[in-house]
Amino acid sequence: RAAVALFSGKGDDYNGGDDDDEREKKGGEDAGIANAAMKRIERADFLEIRRDAILVACFVLCRYFLYDVTTGEKLVPGFTVQDAIYLTGTLSSAAVLGLYWTAAGLLTRMFEGGSSSSSSLANAVTIAMCCPLWIATEHLLGFGPED
């Protein structure tokens, strides 16, 4: 029951309480999905979204710095062009993870203030939704560590 409450339940506006005939008059299934998405965004607490986006960006940057520190001695000391390339890839990766985290959080209602779904279950589902997709995106686009 708790897992179903993440994606539906009280206040779920997928069909807005309309029956099928009224939904067809409003534009069909696509209008219902767009309406539900807009209502989720309206109910979201943007302070929580910003806080989480900062945390995921810090996670990605710390991962980059740990990787940089543990790779051993550099042949050329200082900040090189290759370092700038790695850093821009890391920042791009952080932006992608932030977008995936926000989208998954909106789907699981993690950002709705006063919601009971801001629980460990909502966090676990959000992680399970966005992290594999983020890692696959990193590897496809060539971001992050090579190994």
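Trainee: Is the crossing of α5 and α6 left-handed or right-handed?
Mentor: This is a predicted model, and the two helices in question are α5, residues 81–107, and α6, residues 120–141. Their axes come within 9 Å. The handedness of the crossing of α5 and α6 is right-handed.

Trainee: At roughly what angle do the axes of α5 and α6 cross, and how is α5 oriented relative to α6?
Mentor: The axes of α5 and α6 cross at roughly 155°. Angles over 145 degrees count as roughly antiparallel. Therefore the orientation of α5 relative to α6 is roughly antiparallel.

Trainee: Which residues of α5 meet α6, and how many residues of each class does the contact have?
Mentor: From α5, the residues are Ser-93, Val-96, Leu-97, Tyr-100, Trp-101, Ala-104, Gly-105 and Leu-107. They meet Thr-126, Ile-127, Met-129, Cys-130, Leu-133, Trp-134, Thr-137 and Glu-138 in α6. By class, the contact of α5 with α6 has eleven nonpolar, four polar and one charged residues.

Trainee: Which residues does Trp-134 touch, leaving aside those up to four places away in sequence?
Mentor: Trp-134 is one of the α6 residues that meet α5. With residues up to four places away in sequence not counted, Trp-134 touches Phe-59, Val-60, Arg-63, Ser-93, Val-96, Leu-97 and Tyr-100.

Trainee: Does Thr-102 count as buried or exposed?
Mentor: Thr-102 lies in helix α5 and touches Ile-49 and Phe-111, not counting residues up to four places away in sequence. Buried means under 20% relative accessible area. Because its relative accessibility is 18%, Thr-102 counts as buried.

Trainee: What percentage of the residues in the chain is buried?
Mentor: The chain has six helices and zero strands. It has 147 residues, and the share of them that is buried is 28%.

Trainee: Among contacts between residues at least 6 apart in sequence, what percentage joins residues at least 24 apart?
Mentor: From the N terminus on, the elements run α-α-α-α-α-α. Among the contacts you specify, the share joining residues at least 24 apart is 70%.

How values were computed:
Residues numbered from 1 in each chain as written. Predicted model: local features only at pLDDT ≥ 70, side-chain atom pairs only at ≥ 80, totals over all residues. Heavy atoms only, no water. Axes fitted to C-alpha atoms, helices over the stretch in contact; angles between N-to-C directions. Helix = DSSP H or I, 4+ residues; strand = E, 2+ residues; numbered from the N terminus. Parallel < 35°, antiparallel > 145°, perpendicular 65-115°, else oblique. Left-handed = near helix turned anticlockwise from the far one by under 90°. Contact = heavy atoms within 4.5 Å. Nonpolar A, V, L, I, M, F, W, Y, C, P; charged D, E, K, R; others polar. Buried < 20%, exposed > 50% of the residue type's maximum accessible area, 1.4 Å probe, protein only.
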